[in-house]
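Here are my notes on the model you sent over. Have the structure open while you read, and take the points in any order you like.

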Amino acid sequence: MRSGSWTRIVAALLLFTGILVRPDGARAEDGYELWQRYRALPAADASALAARAGSVESDEASNPTIAVAVAELRRALPTLTSGAATGQGGAILIGTPASPRIAALRLPLSRAGEEGFLIREADVGGRRTLVIAGNRPVGALYGAFHFLRLAQQGPLPARIDVAEQPRVKLRMLNHWDNLDRTVERGFSGQSIWDWWKLPNATDPRYIDYARANASLGINGTVLNNVNAKPDMMTAEWIAKAAKVADVLRPYGIKVYLSARWSTPVELKQTATADPLDPAVAAWWKAKADEIYRVIPDFGGFLVKANSEGQPGPQDYKRTHADGANMLAAAVKPHGGIVMWRAFVYSEVDPEDRGKQAYSEFKPLDGKFADNVVVQVKNGAIDFQPREPFHPLFGAMPKTPLMIEVQITKEYLGFATHLAYLAPMWSEVLEADTYAKGRGSTVAKVVDGSLEGHELTGMAGVANIGSDRNWSGSIFDQANWYAYGRMAWNPDLAPATIAREWARQTFTPDPAFVEPATAMMMGSRQAVVDYMTPLGLAHLMATGHHYGPGPWVSDLARPEWNPTYYHRADKNGIGFDRTKTGSNAVAQYAPPVARRFADRRTVGDDFLLWFHHVGWDERMASGRTLWEEMVARYDGGVAAVEGMNRQWAALSSMIDTERAEQIASFLVIQKEEAIWWRDASLAYFGSVSGRPLPQGVRPPAHDLDYYKAIRHPYAPGHH
Ligand code: BDP
C-alpha cells in the first residue's frame, strides 16, 4: 500500500473521531466554504498582499452594504496574509462618493454604472491606498468580492486598475423550492429555506448564501417553485419571505416570488382568475401593496402559466400578455417587474413540442407592458444536455427576453455526475440568431444591446440545498459559480471561469488547476455522448429523469415519451424538423434555418435534432450513423473512465475529504455512464436490427433487464 493511502486512512479515522487538527486551524473541508475559503497564501504572495492591503477603512460603515463589504474584507485578509513575513502595510479604502475621501479622488466612476466598481491604487492623505469604489454601496460590495477573487488566485497584478459593471440587470436564481422544504429537481438535500421556522428563526446559512451570491453579483432570488402554491401569497408566508428579504438586503439581493395564476380563486377571494376581470386585477393590486408594505424592495413575480397543467389566463381565453400585464400593473407603482415564462406546451396541441413556445409568444411581441420580461429557456424543449438555441431569441425584438438555464442537473446525471455547464451555456449565448444580420448573438439579445432594451436578465434554476456542500457535490458548486459569473458577463470564457473557481476552491497551483480545468471542460460533452449523442434528446426515464428510458412510449401525452423525440425505427432515427417534417427550422432566421435544414451543414451535434437519418447513411467521420452512435456512446464512457484516472492523479494535491467524495462520485458516474451506454445500445440495436461493429463490447444485459429497472425513490421528483 502506498504511504499516501495510509495517511488518508489515518486522516479519515481522526476526522471520524473528531480529533483531526489541521495545519490551518481546524476547519473541516466539507465544501461549505465554497470558493470563499480564504486560506493562507504562500509567504511571498501574503507579504505582497499585506503590503498593499493590510487594513480596511471606510467612511460609510453605517451603511449596511458597506458594512458587510468591510466585514468580508476583514474576515478574509487576516487569514490570506497570515503567512506574511512583513508587517501590514497599505490600506484599503472602500465606499462611494458619499465618502469625502473617495469624492476627493474624482474617480471616473461613470465607468462603474449603477452596480459596478473601480479598483485602483491612489494617494489618500499621503498614503498609498487601494481604493474600492462604486457609485452605490452595492458596487463597492461587488468590488470587494472582486478584489478577494483576485487575491485568492495567486500573486496580485503589479498594477491594479479595474473597472467593471454587469452586462445584465437581473441576475437571478430561481429556486424550485416547495413550502414543505422539498425541492423540485433538487439533488442537494432539502430547501435552504426553513419555512417552518421562519419568520422567527433564521438560519446562519442565509447569510453565507448571500455572501456567496453577492461574490458573483447575483442580485435577485425567487424563493419558491414555479409550480407554485397559493399559500405563498397569504400573510403568513409573505411574512416569512419578508424575513429572508431582510437578511439578503445588505448583500444587494432582492426577493421575488413565484405566483400561481389561480391564487385568488383558490384562496376563495375571487370568483374567477380572468385577468380582465376588475375584481381580479384589484385583488392582485391589493396583494402587491400588502407585499410591498413588508418587503419595500420586493422584486416582483415569476409566473409559469398554462404550462404542464398549471392554470393561466388561457383558461379564460385570454393571452399570456393579458395575464402578464395585469400582474405588471399591480407591481408597477412600486417599481416591481413580472417575469413571465415562455416554457409552454399544451396537451391538446399536436404540433411539435419544440415549436409551441414560439408559436404562442411570437405574435405577442410588442403587447407586453414595459415592466414585463419574458423568460425563455436556453433551448426550445427542456434543459437537455444539448439543444440548439431557442428560436424565440431574436424573434421578439420589442420584448425584453431573459434566458433561463438550469444549474441543477435534472437531465445531466443529478449531483453525482461531473458535468461543468458553462460550455453549454456559452454555446447558446454565442450562437448567432442572425436576427439583425451576422453577429446578432443570443448574448446580445439577453444583454439588451441588440434592441436597446434596459430590462435585461438571466435566470438560473438553483442547485442549492441544505447539504453541507450546498450543491450536492463539490464540482456542482462550479456550476453555481459559473452561472453567476456569466450573468455578470455573458462573454466570459468557460475555461477562464473554471480556472478561477478551481484556484479559489482548491489551490492556485497550476499543476492542479490546469488538469482540473481540462477535466471540467470535457465533462459536459461526455454526458452528451453517453446519454443523448448526435442531437438526441429527452431519452431519460419517466418522472424522475434518472437513467435511460429510450424505449418508453406509453405515457399519457405523446411529447412525454422518449420515442416521440428519437423516432427510431428499423430504417433510421431522428426528428425531422425540416420542411418534410415539422418545419421547426422555419422558426429561425433564414441563414440559421438553412444551416440547420441542410444535412451537410447542420453538423453532428444537432443532426438528429433536425433530421431523420438512415442507420446506414455515412457520417463526416466515414462511419455509418449506427457505427457513429456506437462510437459516441463508447466515447462518453471512455471520457468518464479518463476522468476517474485523472482525478486519481490529482486528488493527492487537495484535502482528503473533498478528494474522496469526488472520487466516489466519479465511480457512480462511471457505472451510470456504462448503464446509459449499454441500455441505449441494447434498445437502439433492437430497433435498428444492426449488429454491433466488430470488437465492440456488447451490453452487459439484455434489453428486458434495462427496461425492468425502477427507481421509485430517486431524488428531486415531487
Ligand atoms: C421540467 C421539469 C419540471 C419543471 C419544468 C419547468 O421536469 O419539474 O417544472 O421543467 O421548467 O424540465 O417548469
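Is Ile192 buried or exposed? Ile192 is buried, at a relative accessible area of 2%, where buried means under 20%, exposed over 50% and partly exposed in between, using a 1.4 Å probe and protein chains only.

1. Ground rules. This is a predicted model, so local features need pLDDT of at least 70 and side-chain atom pairs count only at pLDDT 80 or more, while totals for chains, interfaces and linings use all residues. Residues are numbered from 1 along each chain as its sequence is written, and side-chain values use heavy atoms, with hydrogens and water left out.

2. Back to Ile192. This residue sits in the loop between strand 6 and helix 6; helices (H or I, at least four residues) and strands (E, at least two) are DSSP runs, numbered from the N terminus. Setting aside neighbours within four places in sequence, Ile192 has contacts (heavy atoms within 4.5 Å) that include His175, Asp177, Tyr209 and Trp470. Gly465 is also on its contact list, and the C-alpha atoms of Ile192 and Gly465 are 5.0 Å apart although 273 residues separate them along the chain.

3. Please look at the bond from Leu198 to Pro199: the peptide is cis, with omega near 0°. Pro199 belongs to the loop that runs between strand 6 (170-174) and helix 6 (204-216).

4. Two positive phi values. Leu34 has phi near 55°, which is positive in a residue other than glycine. Its place is the loop between helix 1 (3-16) and helix 2 (43-53), and Leu34 counts as buried at 3% relative accessibility. Arg106 is not a glycine either, and its phi is positive at about 50°. Arg106 lies in the loop between helix 4 (100-103) and strand 3 (117-124), but this residue counts as exposed, at 74% relative accessibility.

5. What pairs with strand 13? Strand 6 runs parallel to strand 13 and is joined to it by 5 bridges; for two strands to pair, DSSP has to find at least two bridges between them. In this pairing, Leu170 stands opposite Gly457. Strand 12 (residues 401-406) is also parallel to strand 13, with 4 bridges joining them, and Glu404 stands opposite Ala459.

6. Two helix positions. Trp284 is in helix 9 (residues 278-294) and counts as buried at 1% relative accessibility. Beyond its neighbours within four places in sequence, Trp284 contacts a set of residues including Met233, Trp261, Phe301 and Leu327. With neighbours within four places left out, Gly685 is in contact with Trp626, Ser680 and Arg690.

7. The overall fold. The protein has 22 helices and 15 strands. Its radius of gyration is 26 Å, close to the 27 Å that the globule rule gives for 718 residues, so the protein is as compact as a globular protein of that length. That radius is taken over C-alpha atoms, and the rule is 2.2 Å times the number of residues to the power 0.38. Along the principal axes, the C-alpha atoms fill a box of roughly 80 × 75 × 50 Å.

8. Of the 718 residues, 61% are buried. Among contacts with a separation of 6 or more, 73% are between residues 24 or more positions apart.

9. Surface and charge. The accessible surface is about 26,500 Å², and carbon and sulfur atoms account for 54% of it; areas come from the Shrake-Rupley method with a 1.4 Å probe, and for residues only the protein chains shown count as cover. There are 77 positive and 78 negative side chains, and the centres of the two sets lie 3 Å apart. Lys and Arg count as positive and Asp and Glu as negative, with His and the chain ends not counted; each charge is placed at NZ of Lys, CZ of Arg, CG of Asp or CD of Glu.
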